[in-house]
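Please look over the structure shown here before reading on. The notes after it are meant for a reader who is new to it.

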Amino acid sequence: LWGGPKGYAENAFQLSKLAGVSQMPANLWAQAMESSGYLKRIGRKNMIPLRVEALIEEWIGRYRFSDNNIYPVRSMFRVSNHDAFIGELFEEIKLNGEKLGELGIAAHLACKLHEVKHSSARSIHIYCREDIHNVAKILKLVPSEDERKADLFLVEPKYPKSVFGGVLKKKELPVCDILQCYLDLYYLPDRGREQAAIVYENIISQIIKSRIERSEYLL
C-alpha cells in the first residue's frame with residue numbers, strides 16, 4: 001500500500017539517495033525534523049522517527065484536498081450505471097496510458113482498489129500531471145458546470161512530487177498510496193472522514209505501531 005521510496009534510510013545521505021534529491025536538502029530536512037521533535041539522530045547510523053501520529057496530525061492541519069485545483073467533469077454519454085462507468089473508465093486509462101501521462105486515482109476509488117473501502121461514497125477523483133483538458137478529451141469527458149452533476153473530478157495537485165512520487169499500480173491502474181488517500185479523504189464532504197478513520201485504524205496505525213516498537217528498540 002506504500003508507493004514512496006523503498007528501503008530504510010539510516011542517515012541523511014541514504015535518505016537523499018532514496019528520495020532522489022541532493023544531500024543538502026536531505027540534511028536540512030533532518031535538522032528541521034529533529035528540532036521539531038519528530039526525529040532523533042544517534043550518531044551517523046540511525047535516524048529514528050518520533051511522534052509520528054503528531055506529524056500526521058500536523059499534515060492534516062496544513063493540507064486539505066480542496067487546496068488542489070479540482071475540475072468537475074462528466075461523460076460525453078449519459079451514465080446510467082455507475083459501476084459500468086467505472087469499468088469503462090479503467091479500460092480507457094489502461095488503453096491510453098502513455099497519452100494520458102501520469103495519473104493517480106485518489107480518495108474513495110483508490111480505497112476500493114486498495115480493498116479497504118468502507119463507506120458507500122461514490123465520488124471519483126483522479127490526479128493528472130499533464131494538461132487536464134487533454135486528459136478529459138482522451139477519456140471522453142467534458143466540463144460539468146454543476147459539481148453536483150459531475151461524474152468525476154480531475155485534479156491538478158498542489159504538491160505533484162508528493163502525489164506522483166507515491167503512485168503505485170493496482171490491477172494495472174495508477175493509484176495513490178494509502179497515506180495520500182488518508183490525507184485526501186480527511187476533509188472530503190462525502191463521508192471522507194469516516195473512510196479516513198477506517199484507513200487510519202486498519203492500516204496506518206499498525207504501521208506506526210511497528211515503527212514505534214522498532215524505535216524503542218533502537219533507543
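This briefing covers pockets, aromatic rings and cysteines, in that order.

This is a predicted model, in which local features need pLDDT of at least 70 and side-chain atom pairs count only at pLDDT 80 or more, while totals for chains, interfaces and linings use all residues. Residues are numbered from 1 along each chain as its sequence is written, and side-chain values use heavy atoms, with hydrogens and water left out.

**Pockets**

- A pocket is, on a 1 Å grid over the protein atoms alone, an open set of points where a 1.4 Å probe fits, with protein on both sides within 12 Å along at least five of seven lines, and its lining residues have an atom within 4 Å of a point.
- The largest pocket holds about 2,200 Å³ of space, a volume being the space filled by probe spheres set on grid points that are joined across faces, edges and corners.
- Its lining comprises 45 residues, and those nearest the centre of the largest pocket are W2, P5, W29, W59 and L179.
- Helix α3 makes the biggest contribution to the lining of the largest pocket, six residues, where helices are DSSP runs (H or I) of at least four residues, numbered from the N terminus.
- The lining of the largest pocket has 31 nonpolar, nine polar and five charged residues, with Ala, Val, Leu, Ile, Met, Phe, Trp, Tyr, Cys and Pro counted as nonpolar, Asp, Glu, Lys and Arg as charged, and the others, Gly among them, as polar.
- The second largest pocket has a volume of about 250 Å³.
- It is lined by 14 residues, of which S75, F77, V79, F85 and E88 are the closest to the centre of the second largest pocket.
- Helix α4 (residues 82-95) supplies the largest share of the lining of the second largest pocket, five residues.

**Aromatic rings**

- There are five aromatic pairs, a pair being two rings of Phe, Tyr or Trp (its six-membered ring) with centres within 6.5 Å, and planes over 60 degrees apart counting as edge-to-face.
- Y182 and Y186 form an edge-to-face pair, 5.9 Å centre to centre with 65 degrees between the planes.
- Y182, Y186, Y187 and Y200 together form one aromatic cluster.

**Cysteines**

- The whole structure has zero disulfides, a disulfide being a pair of cysteine sulfur atoms within 2.5 Å.
- The sulfur of C111 is too far for a bond, because the closest cysteine sulfur, in C181, is 4.7 Å away.
- The sulfur of C128 is likewise too far for a bond, with the closest cysteine sulfur, in C176, at 10 Å.

Technical notes:
Rings of Phe, Tyr and Trp (its six-membered ring) pair if their centres lie within 6.5 Å; planes under 30 degrees apart count as stacked, over 60 as edge-to-face and the rest as tilted. Helices (H or I, at least four residues) and strands (E, at least two) are DSSP runs, numbered from the N terminus.
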